[in-house]
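Here is a short briefing on one protein model. Look over the sequence and the fold, then read the points below.

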Amino acid sequence: MVGVSDGQTSAQAPAAARTRVGRPLLSLALASMMDAVHAHAGGVYLLAADEPVLELSVMAGLPRAFSAPWERVGLSAPIPVADAVRERRLVWIGGEEDMAARYPRIAVVLPYPFALAALPVATETTVYGAIFVTWPGSHPPELSDRDREHLTAACRRLAVRLERAIEASRPPLPEPDLLGGPPSGMFGTVEAARMAARLPYGLCSLDLHGRISYANPAAADLIGVPATLLLGNHLWASVPWLNDPVYEDRYRAALFSQQTTSFVALRPPGDWLSFRMYPSTTGLSVRISRARAVTEMARHGPSPGDAPSRLVTISQVLSLAGALTEAASVQDVVQLVADEVVPAVGSQALVVLGSRSGRLHVLGHRGYRDPHVVERFDGLPLAERTPGTNALNTGVPAFFDSQQQLERLYPTQYSAPDGFAAWAYLPLIASGRPVGTCVLAYAEPHPFPADERAVLTSLGGLIAQALERAQLYDAKHQLAHGLQAALLPHTLPELPGIEAAARYLPATQGMEIGGDFYDLVPTDEGLTAAVIGDVQGHNVTAAGLMGQLRTAVRAYTTLGHAPEEVMRSTNRLLIDLGADLFASCLYLRLDPRLGHAVMSRAGHPPPLLRRPDGRVRVLDRAGGPLLGIDGAPTYPTTEFDLTPGCVLVLYTDGLIESPGVDIEDALADLGGLLTEVGDRPLDELADLLVEHSGAERERVDDVALLLLRMRG
């Protein structure tokens with residue numbers, strides 16, 4: 001079945017799929033497109049009927065195994081074909097460096113020089129899928145206008161044909177992949193075979209799948225395997241000492257780039273052989289000879305004792321591992337598993353369970369129409385006999401290829417599971433301890449052969465490591481926010497004659513905790529002290545020191561110290577603490593009855609004062625050094641008048657500092673905005689100032705903002 005999507009790619013409508021016509025629709029369209037633009041490989045993806053997933057329907061020019069990690073691609077995945085569908089545009093990757101910069105996950109698995117174009121197969125209203133085509137690394141870095149127009153028009157024509165087929169309710173027909181290859185058996189004519197047999201070096205012919213279709217006597221002699229045992233088999237499968245992913249990678253690199261590749265290998269006990277691969281669109285010719293420079297070969301060759309491994313499996317694991325390294329929080333892990341793992345392994349639903357205090361807890365789920373089905377896992381004791389707890393307690397994954405098999409082993413709890421028909425329960429073990437269970441559910445009965453179980457088990461280990469990191473990140477994040485919230489005022493006091501509003505935004509890098517602080521302290525004499533400061537650093541030490549300074553300023557204010565004395569006493573305290581950190585601070589003593597203010601500064605950015613008529617002044621008066629630097633500093637004071645309706649803006653440098661922007665320009669820009677919107681309600685004004693500065697997005701520094709408006 002093929003799904004269709006309207007212009008909103010998140011929605012899909014039920015539909016039929018490829019048309020039942022006299023000739024293959026998808027493969028012919030793909031072959032025609034590749035021939036017109038001289039591409040050497042390509043594929044057609046169609047939207048799944050009932051889920052936001054692209055499925056590879058036809059592959060041309062290269063074996064399907066090369067695309068194994070992307071057989072099924074979630075629409076939200078950072079993959080060119082998914083981007084083409086989501087954004088309804090042509091996606092062009094001009095080469096190896098471009099791929100590494102924009103799609104690093106693909107570049108890790110396919111680190112070869114090739115160019116790629118991906119386009120949506122869509123009409124004006126409906127998306128049916130996507131097509132990609134690739135060129136060798138020799139292709140120019142830009143796609144020509146002619147090729148761009150041809151590809152776009154061809155995809156549009158294919159979409160129209162699919163639309164007509166769907167309207168006619170014609171069911172899909174499977175279409176074979178398009179692969180050319182040399183004939184099997186002897187190579188060419190008898191005379192050509194005789195010529196090859198006379199050559200002093202080995203000569204092999206491989207088809208696109210890497211199977212040997214011809215080997216001359218010298219090749220069989222050098223490799224040490226009779227030609228009859230080589231024909232029809234993969235080179236790396238027929239020869240034990242070539243069964244290494246490094247060698248298979250050279251074959252893949254030659255096909256993808258259409259450029260000559262080579263490697264050297266050690267034939268036990270001590271013979272080094274050189275293999276040189278010459279690719280074309282129909283296969284590869286391999287020249288085998290004795291190596292000349294043993295030292296050079298030893299430097300490039302793999303260790304002969306390395307364990308054999310299948311590269312396709314490694315490619316899948318590499319791709320998914322790259323995705324999981326990007327997950328920061330637990331919800332990031334759940335989303336990435338849903339976007340990357342679930343489509344790749346063909347499941348339709350997911351539950352990620354964590355363990356805490358002897359119980360399972362649902363960390364996230366996707367694909368379940370009824371969330372109550374998942375809630376039965378939440379709070380389940382680990383001593384309960386269920387597939388999830390058993391997998392976690394024993395560390396052994398459990399695979400159930402049918403509901404009958406699950407009910408037979410767990411009849412009590414799972415007589416009516418969740419509407420799915422097969423399940424994989426993967427224990428998540430990291431650093432030697434259980435962190436949870438990953439449950440993959442399948443809509444249809446699903447056999448789990450040994451190789452698939454091995455891949456799923458390996459993925460469980462990767463998910464466990466990502467989940468452990470994410471749980472640690474979330475714990476630190478919660479600790480940081482809790483500490484920051486405890487050290488800053490929970491609310492601002494109601495003050496006669498003064499309206500106040502404040503904002504604090506932590507830095508978005510590191511632990512998201514910092515040393516910026518503010519406070520508003522009323523005194524018994526009817527005065528009010530407004531203070532804002534910034535302790536050096538964005539860590540727990542800075543936050544702890546900030547809490548001490550805020551407490552000290554509040555205490556000195558309560559004792560009735562003058563502004564300059566408050567600054568001197570706080571400076572003395574910071575030096576006595578021996579923290580090796582410095583801090584900036586701005587202290588204002590306000591008398592709303594007389595409309596008077598006294599200011600003292602310690603290396604802090606100057607406040608802004610907006611008059612009722614909209615004029616804005618920067619109160620850049622003389623101040624003293626940063627706190628914690630000088631043992632005997634002077635902190636001069638400045639006095640100014642405050643009239644009803646005027647607004648004071650106190651801030652830390654994170655509000656006005658950004659890369660590539662001069663501070664004076666940023667301050668002037670802030671003043672201009674204050675002139676325009678300074679008469680808005682104070683909470684609204686605070687939000688506007690933060691939004692305008694860009695501090696609400698990525699921040700290398702935390703931000704504190706305190707606004708004061710004099711009432712009439």
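Why does Thr-123 count as buried? Its relative accessibility is 12%, and buried means under 20% relative accessible area, with exposed over 50% and partly exposed in between (1.4 Å probe, protein chains only).

This is a predicted model: local features need pLDDT of at least 70, side-chain atom pairs count only at pLDDT 80 or more, and totals for chains, interfaces and linings use all residues. Residues are numbered from 1 along each chain as its sequence is written, and side-chain values use heavy atoms, leaving out hydrogens and water.

**Thr-123 and its loop**
- Thr-123 sits in the loop between strand E7 (114-122) and strand E8 (126-136). Strands (E, at least two residues) and helices (H or I, at least four) are DSSP runs, numbered from the N terminus.
- Setting aside residues up to four places away in sequence, Thr-123 touches Arg-88, Tyr-128, Ala-159, Val-160 and Glu-163. Contact means heavy atoms within 4.5 Å.

**Helix H5**
- Helix H5 (residues 145-167) has 23 residues. From first C-alpha to last it reaches 33 Å, close to the 33 Å expected at 1.5 Å a residue (1.5 Å times one less than the number of residues).
- Its buried residues include Leu-151, Cys-155, Ala-159 and Leu-162.
- Just after H5, Ser-169 takes a positive phi of about 55°.

**Nonpolar cores**
- A nonpolar core is a set of buried Ala, Val, Leu, Ile, Met, Phe, Trp, Tyr and Cys residues joined through side-chain atoms within 4.5 Å.
- The largest has 62 residues, and Leu-242, Phe-275 and Ile-288 have the most contacts inside it.
- Helix H10 (residues 245-257) gives this core its largest share, 6 residues.
- A second, separate core of 49 residues includes Leu-495 and Val-566.
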